[in-house]
Amino acid sequence: MLNPRFDALRDHPFRRLNELVADIVPRTNEAPILLSVGEPQGQPPALLAETLAKNAHLWNRYPPANGTPELRQAIKAWLIRRYGLPDAMIDADKHIVPVPGTREPLFMLGQTVVPERKNGQVPVVLMPSPLYHIYIGAAISSHAELVFLPATRANGFLPDLDAVDPAVLARTALMYVCSPANPQGTIAPLDYLKKAIKLARQYGFLVAVDECYCEIYDKHAPPGALEACRDLGGGLDHVVVLHSLSKRSSAPGLRSGFIAGDAELMARYFLMVSYGGVPLPLPIAAASAALWNDESHVPPTRAVYRANFDLAEKHLGKCPGFFRPEAGMFLWLDVGDGPATAKRLWAEAGIKTLPGAYMARADANGVNPGGPYLRVALVYDSATTDMALQRMARVL
Ligand SMILES: Cc1ncc(COP(=O)(O)O)c(C=O)c1O
């Protein structure tokens, strides 16, 4: 009865983590702390609840599939401010579709763009490894061949685009780039984004640039793919960027983000949502517009993560595998054996972390680039983070 194609989705990282620690009862009286999930624990700005309340009379309305004009305008204004784009580059109606968080569009892009055959052959979806697992789900559900581009310490945790075989590029229908990267926090330089876009245009595929951690950075604001488009002449063809309020405004429960880029893709995506997607309810659209229009809450949010990385450096800086990420909310910690260390941390300190192996897939030589790593989500306030990191240091 069930489509066996989806059996591969059982490799979901949190399912595997639950299995790994299912039989372990922590040998500590300290309260468990979950550093496994990248869920911001800070409160979103009051503006969110206030705007929802002001628009509560709109819950009885079906929302349009591409959001409201006010929300699209707020998003356009944010993009122009954030990335220094010329006003004429973005048409709020043609280039932007608000979405209920970025997970859904990351998944739906597969079905939206991957054809049955590309140049008469099985199509490919290119993706980094390690990665946000939704890219895998998208490729599987669109019947594509999955090709993983390892992001390792040796290549600065940035997949080597020059290493991709031109025969594979000719079959590629979709490539995911994640910058800042989950899990390593690597920021793709502008030239890297330009190279990805040029390849997409040369070989006729879509490059989907997942930028949902773009406001959570340490020293330098990450460049965006739309800046790369600007420098390449201003066209948005073959490019889509994905942005979210989950991290920028600590509002993962709001389910609000947007996709922006290629006008033809946006029109098709709008059509897909009109059949089987979830448009943003009108009160949520109003609250989202208010959040994109407000910059005042963003630097304090960023400061919380920066302070957490200071604490990580203090407590774990001497661990041989430690590095301070450029952006994002995760430590990507080389501990030698990720699953074994995750078990010890849970058993001995009540600290749950995610083995890097579960976020990656083996390369052509059978080596899983995430194998030695743990992903540690530093998403709590300073006091909780300090306590958690001290407990980790005790075990490591
Ligand atoms: C790399 C990456 N992209 C996208 C998402 C999805 O976030 P949301 O659906 O809340 O926008 C996440 C969530 O953790 C993520 O880590």
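Leaving aside neighbours within four places in sequence, Ala285 is in contact with Thr68, Leu71 and Leu280. This contact set comes from a predicted model. Ala285 belongs to helix H11, which covers residues 282–293. With a relative accessible area of 1%, Ala285 is buried, because the cut-off for a buried residue is under 20%. A further distance relates Ala285 to Leu254: the two residues are 31 apart along the chain, and their C-alpha atoms are separated by 9.8 Å.

Helix H14 was examined along its whole length. The helix consists of 14 residues, 382–395, and spans 20 Å from its first C-alpha to its last, close to the 20 Å expected at 1.5 Å a residue. The buried residues of H14 are Thr384, Thr385, Ala388, Leu389, Arg391, Met392 and Val395. Viewed down the axis of H14, these buried residues fall within an arc of 160 degrees, so they line one face of the helix. The spacing of such positions follows from the geometry of the α-helix: with 3.6 residues a turn, residues three or four places apart point the same way. On the other side of H14, Ala383 and Arg394 are exposed.

Several elements cover the buried residues of H14. Among the helices, the cover includes H12 (298–316) and H13 (338–349). Among the strands, the cover includes E1 (33–34), E9 (330–334), E10 (351–352) and E12 (373–377). The N-terminal end of H14 is capped by Asp381, with a side-chain oxygen 3.1 Å from the backbone nitrogen of Ala383.

E11 and E12 run antiparallel and are joined by two bridges. Pro355 stands opposite Leu374 in E12.

Another set of pairings involves strand E5, which covers residues 172–178. E5 is mostly covered, as seven of its seven residues are buried. E3 pairs with E5 in the parallel sense over three bridges, and Val125 stands opposite Leu174 in E5. E5 also pairs in the parallel sense with strand E6 (residues 206–210), over five bridges. In E6, Val209 is the bridge partner of Val177.

The bond from Ser129 to Pro130 is cis, with omega near 5 degrees, and Pro130 lies in the loop between E3 and H5. The bond from Ser179 to Pro180 is cis, with omega near -5 degrees, and Pro180 lies in the loop between E5 and helix H7 (190–203).

The loop between E3 (124–129) and H5 (134–141) also holds His133. His133 is buried, with a relative accessible area of 18%, because a residue counts as buried under 20%. When residues up to four places away in sequence are not counted, His133 touches His12 and Pro13.

Phi of His238 is near 70 degrees, a positive value in a residue other than glycine. His238 lies in the loop between helix H8 (225–231) and strand E7 (239–244). At 26% relative accessibility, His238 counts as partly exposed. Phi of Ser250 is likewise positive, near 50 degrees, in a residue other than glycine. Ser250 lies in the loop between helix H9 (245–248) and strand E8 (257–261), and at 8% relative accessibility Ser250 counts as buried.

Key. Residues are numbered from 1 along each chain as its sequence is written. This is a predicted model: local features need pLDDT of at least 70, side-chain atom pairs count only at pLDDT 80 or more; totals for chains, interfaces and linings use all residues. Side-chain values use heavy atoms; hydrogens and water are left out. Helices (H or I, at least four residues) and strands (E, at least two) are DSSP runs, numbered from the N terminus. Buried means under 20% relative accessible area, exposed over 50%, partly exposed in between (1.4 Å probe, protein chains only). Contact means heavy atoms within 4.5 Å. The expected span of a helix is 1.5 Å times one less than its number of residues. The arc is that of the directions from the helix axis to the C-beta atoms. A polar contact is a pair of N or O atoms within 3.5 Å; within protein, one must be able to donate a hydrogen and the other to accept it, and residues adjacent in sequence count only if both atoms are side-chain atoms. Two strands pair if DSSP finds at least two bridges between them.
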